[in-house]
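The points are grouped by topic.

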Amino acid sequence: MSKVRRYEVTAAGDFASVLAVLTDHVGLQLVSLEEVERSWLDTAAGTLAQTDTTLEFRTPKGEGTASLTWATDGRILVHDSCVAASVPVQVGDLPESAAFARLARLIDGESLVLGPTVNSQIAVLACLDDEDKTTARFVFDRSETLEGIALPMLLEIIPLRGYDSEAAAIEKLVRRSVALSESATPMKALVKNATGTRANSSGLSSEMSAASAWRVVLQQLTKSITDSFSGVLSGNDPEDLHAFRVAVRRIRTLLQDGGDVIDPESRDRFRHEYRWLGDVTTPTRDADVHLLEFPELVASLPQSWRDDLAPFNEVLIRHRNECQASMVTELRSIRRAEFGSAWIEFLSDEDAWTGCGELSDEPVLRVVIRRVEKAHRELVKNGGKITKKSPAISLHELRKEGKRLRYLLECFGPRFDQEALATILRPLRDLQDVLGEFQDTEVQGEALFELAGELATTDDHPALVAIGGVVEQLGVRGSTARNEFSKVFGRFDDRKVQRAMNRLEVTKSSGKKKR
Amino acid sequence: MKVLATYNIKGGVGKTATAVNLAHVAAAEGNRVLVWDLDPQGAATFYFRVKPKVKGGGKAIVRGSIELGDAIKATDFDNLDLVPADFSYRHLDLWLDDAKKPLARIRRALLQVSHEYDYIFLDCPPSISLTSESVFRAADALLVPTIPTTLSLRTYEQLDRFVEENPDMVRELKILGFFSMVDRHKRLHRRFMTELRTAHPEMLEGTIPNSTDIERMGVHREPIGSYGKGSRAARSYESLWSEIQTRL
């Protein structure tokens, strides 16, 4: 769904004069026109700001009843009249409806705190297509503080879901017709906050059922996500994002390999959500890698080229900041918050983990070893098919299969025979390093070319030539990695590793290996 | 997420009006609601003024090559979205038949958006086919509008029998029948309602009248609660919705 576009209306005049200009170009219908005193509410911890939602209490000037509007980025989640004319403070003061029940769950019993208050005139207009269907909404917001200081008139263009291209066309027309300045600050600034989620971090035991063990590991991984979350939002240390992504990837592996162990509907739902969570963090991680590795890449170039690349470093930093900002928006979204709450609820719900699959009551080791063996077989089979002529995508797919095996082994590591585990993990990690190097150099090369497009418009030819040198370096590294593949794969597809696979399970009585 | 399918083997009984109006009532209460128009006639799509064009094609949704979320269009009402249908939905049975695990396809597609909605309404085409069987598998409840006539009575009992004979397919599906297009001035309607209620005491109490206000949905291209708020017909959908919620 497209983001809401916010503009400051710099054209002189009031709503009417701006509208007069717009109606010449766009089919518009007035939805509502309000004159209200409005206040923003949030919890002391800023729970709503953290989820990118706003809660407004509006009291009409003149007749009418007070209302409460919960919205996300301009889109109304719920709007309802308030029984009492006073500001709601406790959850019990909220109107009774399904949507406000969601809000109540979100704020989890905390009191609401009154934020800034302004006097506002708010006009909402629908932009209509040739079927008289709304494709976008315009919200004109003219406000002044209680002390009478006028704030800039804002125009929000809110595309309706599924009508992004229509809204973009309207926006273009509006920008041509009315004097606007882009990216005005929203009326209410978002408040940063850090609420933690609770996760149980007890250990694994051999006697555990598969479902219990899966749950424990998922709880531990969830804790890693929670611990790194504020660091990911601040963006100060790339290690936080790395840790966050590893935990997400491991959870995805456990969900993928949780068939017949985890409740199937929850499994499907959370697989989908964790894929989304992984995807929204990928561009920032890629940008982090560009920035981290760039100095090393530049160092291998001749001195004259290194100086030429100084402007490109600024492009990388700007790109990384843009990726970070987009990622933070997604991570603060109501989708992330609700999915996070649902996940925590799922992990803490005893019933959801009882008799939830055919193998849920089986001993954990038996189930995990079966899954590990399958992942190993597939990795060996597909790796064996790779030749010098195989496309890059085959190696990328193999890397994913390798991750699956590695994460299964690492997540349940404490329950395996440690010597056998080390025998498998050493060559597996080497293989993953080579595959990772191959993929990173490919992705980085393509991304650098794309980002270099920005310099092309500034005619910075020396920098472009130098970037060509960097990409060439990456190509060499990629080729080296590819050439090393057969060697490292051979070390993994080895009888020693196969024998270690058979020794993973430790017998209860002697501590010696089975089979 | 609860999935409610408006379904009847027979056509012209008010399935689409039910889906559109109940969805509107549910959204007005602050629930997040999606209507998936599965009928190639695209009447629900028409009522919401959405163009009968499916982004990426209905086939791609069913086959899983595009996500259901990408085909969603917001309606003009807060918290109420639509997956439109186009005429290609007449091939829905064939698409399902070609797919692996056809009966799970619709449920699978719905799971992709389950985090976004409290209620999903499936507006089904008439007939009993692979599509309806997939809907039975996907839905938590079937809302079965039934006109109090001999033929409707027959089709209601056909459905009842089908559900009884296929417990594996329908699992915990609830069948929520109710009378639709009721004309209380007709003695025959009154008689059939009494008879059917005696035979099927599980039927909902709420009834939807035969009303020109409902027929005018096609003129206004809106749910009745938007242009006829407070009318008898609009109130009948509100009562029906309250009753349905108690049965879910």
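How many helices and strands does chain B have? Chain B has 13 helices and 8 strands, while chain A has 15 helices and 9 strands; helices (H or I, at least four residues) and strands (E, at least two) are DSSP runs, numbered from the N terminus. This is a predicted model, in which local features need pLDDT of at least 70 and side-chain atom pairs count only at pLDDT 80 or more, while totals for chains, interfaces and linings use all residues. Residues are numbered from 1 along each chain as its sequence is written, and chains are lettered from A and ligands numbered from 1 in the order in which they are written.

**Chains and their interface**

- Of the 248 residues in chain B, 48% are buried, a residue being buried if 20 or more other C-beta atoms lie within 10 Å of its own, exposed if 12 or fewer, and partly exposed in between, with C-beta atoms placed from the backbone.
- In chain A, buried residues account for 34% of 515 residues.
- Among contacts with a separation of 6 or more, residues 24 or more positions apart make up 78% in chain B and 69% in chain A; two residues are in contact if their C-beta atoms, placed from the backbone, lie within 7 Å.
- Between the chains, 18 residues of chain B are in contact with 25 residues of chain A.
- The side of chain B that touches chain A comprises 4 nonpolar, 6 polar and 8 charged residues; Ala, Val, Leu, Ile, Met, Phe, Trp, Tyr, Cys and Pro count as nonpolar, Asp, Glu, Lys and Arg as charged, and the others, Gly among them, as polar.

**The sheet of chain B**

- In chain B, 8 strands form an open sheet with mixed pairing, in the order 3-4-2-5-1-6-7-8; two strands pair if DSSP finds at least two bridges between them.
- Strand 3 (73–74) and strand 8 (207–209) of chain B stand at the edges with a single partner strand each, so one side of each has no neighbour in the sheet.
- Strand 6 (residues 141–146) of chain B is largely enclosed by the rest of the structure, because 5 of its 6 residues are buried.
- Strand 6 of chain B pairs in the parallel sense with strand 1 (residues 2–6) of chain B over 3 bridges, and B:Leu142 is the bridge partner of B:Ala5.
- Strand 6 of chain B also runs parallel to strand 7 (residues 174–182) of chain B, joined by 6 bridges; here B:Leu143 has B:Leu176 as its bridge partner.
- Strand 7 and strand 8 of chain B run parallel and are joined by 2 bridges, with B:Thr207 as the bridge partner of B:Phe179.
- Helix 1 (residues 15–28) of chain B lies across strand 1, strand 2 (33–37), strand 4 (80–83), strand 5 (119–123), strand 6 and strand 7 of chain B, and runs at about 165° to strand 5 of chain B.

**Hairpins of chain A**

- Strand 3 (residues 53–60) and strand 4 (residues 67–72) of chain A run antiparallel and are joined by 6 bridges, with A:Leu55 opposite A:Trp70.
- The hairpin of strand 3 and strand 4 of chain A has 6 residues between the strands, and A:Gly62 takes a positive phi near 90°.
- Strand 4 of chain A also pairs in the antiparallel sense with strand 5 (residues 75–81) of chain A, over 6 bridges; A:Ile76 is the bridge partner of A:Ala71.
- The hairpin of strand 4 and strand 5 of chain A has 2 residues between the strands, and A:Asp73 in the turn has a positive phi of about 45°.

**Helices of chain A**

- The axes of helix 11 (residues 364–384) and helix 12 (residues 392–411) of chain A come within 9 Å and cross at roughly 155°; axes are lines fitted to C-alpha atoms, for helices over the stretch in contact, and angles run from 0 to 180 degrees between N-to-C directions.
- That angle makes helix 11 of chain A roughly antiparallel to helix 12 of chain A, as angles under 35 degrees count as roughly parallel, over 145 as roughly antiparallel, 65 to 115 as roughly perpendicular and the rest as oblique.
- The residues making this contact include A:Val368, A:Ala375 and A:Leu379 of helix 11 of chain A and A:Leu398, A:Leu405 and A:Leu408 of helix 12 of chain A.
- The contact of helix 11 with helix 12 of chain A involves 8 nonpolar, 4 polar and 4 charged residues.
- A:Glu437 lies in helix 13 (residues 418–456) of chain A and counts as partly exposed, because 17 C-beta neighbours lie inside 10 Å.
- A:Glu437 touches A:Arg477 and A:Ala481, not counting residues up to four places away in sequence.
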